[in-house]
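Have a look at the model first, then read on.

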Amino acid sequence: DEGCCYFDSMDQDHGIIPAVEHYACMIDLFAREGCLEKAQDLLNKMPLQPSVEVWGALLGACRIHGHVELAKHV
């Protein structure tokens, strides 16, 4: 939750548009928590082209958490 607050406040409170690296961190955060659906949802909604780090965070978490079907979909 704290990470989400910081991410949201970047734009809302400080006028900083999140870069792909910020999205990669959030996707990694969700993925490490096992919230792979949230991670995939953020990936699908991000206004930037996903980077290698974004895909790596999601695919690595799929491997760790045994979500083979999501990994195939990605």
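Predicted model: local features only at pLDDT ≥ 70, side-chain atom pairs only at ≥ 80, totals over all residues.

Residues are numbered from 1 along each chain as its sequence is written, and side-chain values use heavy atoms, leaving out hydrogens and water.

**How the helices pack**

Helices here are DSSP runs (H or I, at least four residues), numbered from the N terminus. Axes are lines fitted to C-alpha atoms over the stretch in contact, with angles from 0 to 180 degrees between N-to-C directions. Angles under 35 degrees count as roughly parallel, and those over 145 as roughly antiparallel.

| Pair | Angle | Axis separation |
|---|---|---|
| α1 and α2 | roughly 160° | within 10 Å |
| α2 and α4 | about 5° | 8 Å |
| α3 and α4 | about 160° | 11 Å |

Start with α1 and α2 (residues 20–32), whose axes cross at roughly 160°. That makes α1 roughly antiparallel to α2. Their crossing is left-handed, meaning that the near helix is turned anticlockwise from the far one by less than a right angle. On the α1 side, Gly3, Cys4, Phe7 and Met10 meet His22, Tyr23, Met26, Leu29 and Phe30 of α2; contact means heavy atoms within 4.5 Å.

Next, α2 packs with α4 (residues 52–65) at about 5°, so α2 runs roughly parallel to α4. Val20, Ala24, Ile27, Asp28, Ala31 and Arg32 of α2 make this contact with Glu53, Val54, Ala57, Leu58, Ala61 and His65 of α4.

Then there's α3 with α4, packed at about 160°, so α3 is roughly antiparallel to α4. Here too, α3 passes α4 in a left-handed crossing. From α3, the contact uses Leu36, Ala39, Gln40 and Leu43, and from α4 it uses Val54, Trp55, Leu58, Ala61, Cys62 and His65.

**The two sides of α3**

Which residues of α3 (residues 36–45) are buried? They are Leu36, Ala39, Gln40, Leu42 and Leu43. Looking down the axis of α3, those buried residues fall within an arc of 160°, so they line one face of the helix; the arc is that of the directions from the helix axis to the C-beta atoms. Turned away from that buried side are the exposed residues Glu37, Asn44 and Lys45. Buried means under 20% relative accessible area and exposed over 50%, using a 1.4 Å probe and protein chains only.

**A few residues up close**

Phe7 lies in α1 and is buried, at 13% relative accessible area. Leaving aside residues up to four places away in sequence, Phe7 touches Pro18, His22, Tyr23 and Met26. Phe7 and Leu70 are 63 residues apart in sequence, and their C-alpha atoms are 25 Å apart.

Ser9 is also found in α1 (residues 2–14), and its 14% relative accessibility counts as buried. A polar atom of the Ser9 side chain lies 3.3 Å from the backbone oxygen of Tyr6.

Ser51 sits in the loop between α3 and α4 and is buried, at 16%. The side chains of Ser51 and Glu53 are joined by a polar contact of 3.0 Å. A polar contact is a pair of N or O atoms within 3.5 Å; within protein, one must be able to donate a hydrogen and the other to accept it, and residues adjacent in sequence count only if both atoms are side-chain atoms. Between the C-alpha atoms of Ser51 and Ser9, 42 residues apart along the chain, the separation is 23 Å.

How values were computed:
Parallel < 35°, antiparallel > 145°, perpendicular 65-115°, else oblique.
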